Amino acid sequence: MDWQTIIVAIIGVVALLAVIRKFYRQFFKPESAPECDNCPVPDIQEKNSQS
Amino acid sequence: MSALEKWGIKELCDVLKTVTSNHQASTDPFPLEIGPKLDPILKPISNIFQNKLGYSTRLSTGQALRLVTRKSTLDIYGQVYLNSQQIDPELLEQLHNLRQSALSNLEKENVPHRTLEATLRYQWLDQNLADVQTEGLQQIDTRSQSEKIDSVLTHKWFGPLIFTGLLYFIFQAIFSWSTSPMDWIESGVSHFSQLVVSVLPKGILRDLLVDGVLAGVGAIVIFLPQILILMFFLIILEDSGYMARVAFMLDRVMSKVGLHGRSVLPLMSGYACAIPGIMSTRTIDSWKERLITMLILPLMSCSARLPVYALMIGAFIPSITVGYIFGLQGLTMVIMYFLGTITALILAKIFSSWIKVEGKSSFVMEMPPYRVPILSSVFRQVFNRGKLFILNAGKIIMAISIVLWFLASFPKTDIHGNPGTIHTSYAGKIGHSIEPLIKPLGFDWKVGIALITSFAAREVVVSTLATIYNVEDSDENVVQLSVAMKNDINPITGKAVFSPLVALSLMVFYVYAAQCMATFAIIRRETNSWKWPFFMIAYMNILAFLASLLVYQGGLWMGFS
């Protein structure tokens, strides 16, 4: 196995784990708010907690 | 004074302190006119306050009225301590039962309980103001600058026309103004891919970086200028006070579809993103209205749909003028936004007749004065938005592009031992297996794969298509997605895979489809049930399929191809 294949395999595993983690966190972590990737949810939560 | 803008509060507090200091509890009768119809309804509650808590007649009547008007009053009694001891739970239970009985009596009398206290206070004001000499009538008669502008911007007919015109201007600007920055980004991605090709030796890592990472992420980053322009205008409209007027105009429509004004603001935030919109439905008292608002909110076209619309419109809708002044591209975008909004309102009407839950909330909205937006604040918000898009959305797009590259590149040989193609890859097999289902909508297997991956987020459809076209293409550098889509020919029919009709069908599909994992998750959390998120997915995807089918088959029937 050449060095390129080893690096690609590592990147692939990391990417797969990142996707699985993302799905898992959205559905099975009730204490953290579901997140859209490009919306300012944390700001709104912060404002709500301050008010 | 204004509680919303937080001015005049200190002065009010000072006056209250002056009035209440050295002043015994008033023994005057309750000032608001309760009347013979309400008196027997409120009496049992005020008796409890008087006998059990030692309140004066005036205070007990006032608290009885407040308890009937707002349920939260009971919660406050549950939390407060009386003479260092928590209030008796039995007394709370008694108050709760008496409140329920008062509510049913009020309903029989056709008196809305939620606005009862406010109504009585206004009656008192009207009676008293009529008897006193009012100063400054001239001032009241003279309309302020804001009121003059409101008379045009919130006019029954001109208001919606102006709003539509503004939307059209924004969407046309998105296409016209973003051309140069998009070209720069595209050229940057292309140069970077050439750099990677020149630095790395030929091999699997170089293929992954160029065809997977750079193609997928680059295809989305190109739309950053358009997203920033949309955000810039939305923030300007918000900060200038115009969005509150739009909410006011929509409030009229809301009552006709079974919702109330409180649903307007969450729905308006849905134009940027459904998630904060759904979270802000917590301000809606009535569960039925809150649920309906949550279910229809994902139909408002959020900014994640923008790359999908922009890709399809930019590539397949000609940049021509219709009706002498209207650019067809901007007009198509306006239609997509209106399609989602109008469907949301129609469905709200249908859902409100299906979902049987009692309760209706009231809504009072204070119009902020018009003001010139502070540019530094606008640019800061636009910058933050761009940062969120690049850093947060970029991560999942990159991860999905990498996984997809693996699925599209392996196995390297087919079952006969011949070199594999994208058709024999895992992604190709998945795409081909669902192609019969989506063929009536005009979509091929590549779009089929994109429909699956974009459940994570709608914009992933763009990066998915870019990755697939790059894996399929033998060119070493990144292939421009819109060019690849235009040149894609179906080998069986010999016809172009994408046409303006297919692009329209795909856009309509994305107007309705529930392609957002985060929305599904937040509805699951906010409703505390799996039933409603699955219902949302089912109704939105059935709607998307039928609407897309209607557009494509209707277009074919009318002679378009």
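**Entry 1: helix 21 of chain B.** I began with helix 21 (residues 445–453) of chain B, which is mostly covered, eight of its nine residues being buried (20 or more other C-beta atoms, placed from the backbone, within 10 Å of a residue's own; 12 or fewer is exposed, and in between is partly exposed). Helices here are DSSP runs of H or I with at least four residues, and strands are runs of E with at least two, numbered from the N terminus. I noted the buried residues of helix 21 of chain B as Trp445(B), Lys446(B), Val447(B), Gly448(B), Ile449(B), Ala450(B), Leu451(B) and Thr453(B). They pack against helix 19, helix 20 (426–438), helix 22 and helix 24 of chain B, a contact being two residues whose C-beta atoms, placed from the backbone, lie within 7 Å.

**Entry 2: what kind of model this is.** The model is predicted, and local features need pLDDT of at least 70 and side-chain atom pairs pLDDT 80 or more, whereas totals for chains, interfaces and linings use all residues. Residues are numbered from 1 along each chain as its sequence is written, and chains are lettered from A and ligands numbered from 1 in the order in which they are written.

I looked up the confidence next: the model scores ipTM 0.73 and pTM 0.70. Chain B averages a pLDDT of 85, with 94% of the residues scoring at least 70, where pLDDT is the predictor's confidence in each residue, from 0 to 100. Within chain B, confidence is lowest in strand 1 (residues 81–82), at a mean of 56, and highest in helix 24 (residues 500–512), at 95. Chain A averages a pLDDT of 70, and 53% of the residues score at least 70. In residues 40–51 of chain A pLDDT stays under 50, and I found that the model has eleven contacts for that stretch beyond four places in sequence.

**Entry 3: chain B as a whole.** I noted 26 helices and four strands in chain B, and a C-alpha trace that spans about 95 × 55 × 50 Å along its principal axes. Of the 561 residues in chain B, 37% are buried. When I took contacts in chain B between residues at least 6 apart in sequence, 70% of them joined residues at least 24 apart.

**Entry 4: where the chains meet.** The contact between the chains takes 24 residues from chain A and 27 residues from chain B. On the side of chain B that touches chain A, the elements giving two or more residues are helix 11 (204–221), helix 15 (274–279), helix 19 (375–409) and helix 25 (517–527) of chain B. The largest share, ten residues, comes from helix 19 of chain B. I sorted this side of chain B into 23 nonpolar residues, three polar and one charged, counting Ala, Val, Leu, Ile, Met, Phe, Trp, Tyr, Cys and Pro as nonpolar, Asp, Glu, Lys and Arg as charged, and the others, Gly among them, as polar.

I then picked out Leu205(B), which sits in helix 11 of chain B and counts as partly exposed because it has 19 C-beta neighbours inside 10 Å. Not counting residues up to four places away in sequence, Leu205(B) touches Gln4(A), Ile7(A), Val8(A) and Leu200(B).

**Entry 5: helix 25 of chain B.** Is helix 25 of chain B largely enclosed by the rest of the structure, or open? Eight of its eleven residues are buried, so helix 25 of chain B is largely enclosed. The buried residues are Met517(B), Ala518(B), Thr519(B), Phe520(B), Ala521(B), Ile522(B), Ile523(B) and Arg524(B). What covers them includes helix 1 (3–28) of chain A, together with helix 15, helix 16 (287–296) and helix 26 (531–557) of chain B.

**Entry 6: the packing of helix 11 of chain B.** Helix 11 and helix 19 of chain B pack with axes 9 Å apart, at an angle of about 135 degrees. Axes are lines fitted to C-alpha atoms, for helices over the stretch in contact, and angles run from 0 to 180 degrees between N-to-C directions. That angle makes helix 11 of chain B oblique to helix 19 of chain B (under 35 degrees is roughly parallel, over 145 roughly antiparallel, 65 to 115 roughly perpendicular, and the rest oblique). The residues of this contact divide into eight nonpolar, five polar and two charged.

The axes of helix 11 and helix 22 (residues 460–472) of chain B come within 8 Å and cross at roughly 140 degrees, and these two helices are therefore oblique to each other. Among the residues that meet here are Asp211(B), Gly212(B) and Ala215(B) in helix 11 of chain B, and Val462(B), Ser463(B) and Ala466(B) in helix 22 of chain B. I counted this contact as seven nonpolar residues, five polar and one charged.
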